[in-house]
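Have the structure open as you read.

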Amino acid sequence: MIAHAGAERRVQDMGHHDHLCLAYGDDAEQRRVVAAYLTEGLRRGERVMYFADTSAPAEVLGWLAGSGTDPGPALATGQLAVTTADESYLAAGSFDPDAMVAGLWQEVEASLAAGYTGFRVSGEMGWALRDVPGAERLAEYETKVNAVFAGGPASAICQYDTRRFSAEQLAAFHGCHPGEVEPEPLYADGTLRLVPSFRGGRRTLRVVGSVDYRTCDALAAALETALHWPGDVRVDMSGLEFIDLGGVRVLAHAAARLEAGRRLRVGELAPLLCQVIGMVGFADVPALVVTARGAGA
């Protein structure tokens with residue numbers, strides 16, 4: 001299994017050799033990423049394939065049309081193909097990782113032979129939750145297929161609906177990918193980015209940059225969104241450069257609003273900042289759990 005380094009890429013920045021995981025928690029996020037990914041592939045002159053599962057192929061084509069891309073011409077020329085998991089991953093009636101990997105190699109070669117600039121594919125992976133032979137070999141496939149995208153002008157996004165897969169399953173499949181699609185930030189300016197992500201298979205708010213008097217309100221608004229996520233609220237501070245007392249106060253106030261039994265887990269915080277939180281008394285907030293960098297959340 002690949003040691004996942006948390007490498008995130010915006011979907012519009014994806015190119016050849018990318019094999020990314022998309023863990024999404026709402027349909028709007030899925031539509032946004034899929035439409036942008038497929039559209040960019042068509043624009044670049046690549047051959048594009050989509051393997052639908054819970055979504056119908058016509059629905060996927062509707063996402064493209066809704067984003068301003070007419071899929072008709074690409075469908076007519078064969079540049080775009082939208083099919084189902086039953087006709088791709090499970091075409092033989094069971095899932096065979098080696099056969100699927102070999103088939104994708106053939107698709108890459110056929111795309112180049114036809115004059116396309118590359119090949120890109122995206123699949124909805126919910127079929128693996130069905131009682132189908134070979135579904136238990138999905139992690140094996142996700143690891144083996146890395147060679148296809150690393151070795152040729154190709155890319156892929158594998159989609160995992162976090163409402164259907166468990167945290168343990170998400171963590172395992174996530175770790176088979178060299179990177180992940182970065183979700184739409186809740187806030188972004190020149191000094192701070194607040195990004196909803198998944199760490200260890202659990203939804204996490206990632207804080208990148210500096211929190212000060214100019215951005216405390218943005219952090220408070222992002223935490224307001226995170227409070228509606230199920231379970232404990234997790235905040236990844238590994239990308240934090242600076243946080244002032246006002247920012248720490250925002251964290252403490254958010255923790256104090258949690259109902260009994262829930263925690264605000266602030267992880268990967270610099271050891272010195274952990275000490276500051278203790279010195280000013282916020283460590284006494286029962287629902288605020290602060291973990292130093294390198295110790296895990």
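What follows covers a helix packing, a pocket and a cavity.

## Ground rules

This is a predicted model, where local features need pLDDT of at least 70, side-chain atom pairs count only at pLDDT 80 or more, and totals for chains, interfaces and linings use all residues. Residues are numbered from 1 along each chain as its sequence is written, and side-chain values use heavy atoms, with hydrogens and water left out.

## Two helices crossing

Helix α1 (residues 27-43) packs against helix α2 (residues 57-66) at about 75°, with the axes 9 Å apart. The pair is therefore roughly perpendicular (65 to 115 degrees; axes are lines fitted to C-alpha atoms over the stretch in contact, and angles run from 0 to 180 degrees between N-to-C directions). Helices are DSSP runs of H or I with at least four residues, strands are E runs of at least two, and both are numbered from the N terminus.

On the α2 side, Val 60, Trp 63 and Leu 64 meet Gln 30, Arg 31, Val 34, Ala 35, Leu 38 and Thr 39 of α1 (contact means heavy atoms within 4.5 Å). By class, that's six nonpolar, two polar and one charged (Ala, Val, Leu, Ile, Met, Phe, Trp, Tyr, Cys and Pro are nonpolar, Asp, Glu, Lys and Arg charged, the others, Gly among them, polar).

## The largest pocket

The largest pocket holds about 270 Å³ of space (on a 1 Å grid over the protein atoms alone, a pocket is an open set with protein on both sides within 12 Å along at least five of seven lines; a cavity is a set of points where a 1.4 Å probe fits but cannot get out; lining residues have an atom within 4 Å of a point). Volume is the space filled by probe spheres set on the points, which are joined across faces, edges and corners. Of its 14 lining residues, Thr 162, Phe 198, Arg 202, Arg 203 and Pro 230 lie nearest the centre. The lining has five charged residues, along with six nonpolar and three polar.

## The largest cavity

The largest cavity has a volume of about 60 Å³. Its lining has nine nonpolar residues, two polar and no charged, and β5 (119-124) and β6 (154-161) each give two or more.

Key. Angles under 35 degrees count as roughly parallel, over 145 as roughly antiparallel, 65 to 115 as roughly perpendicular and the rest as oblique.
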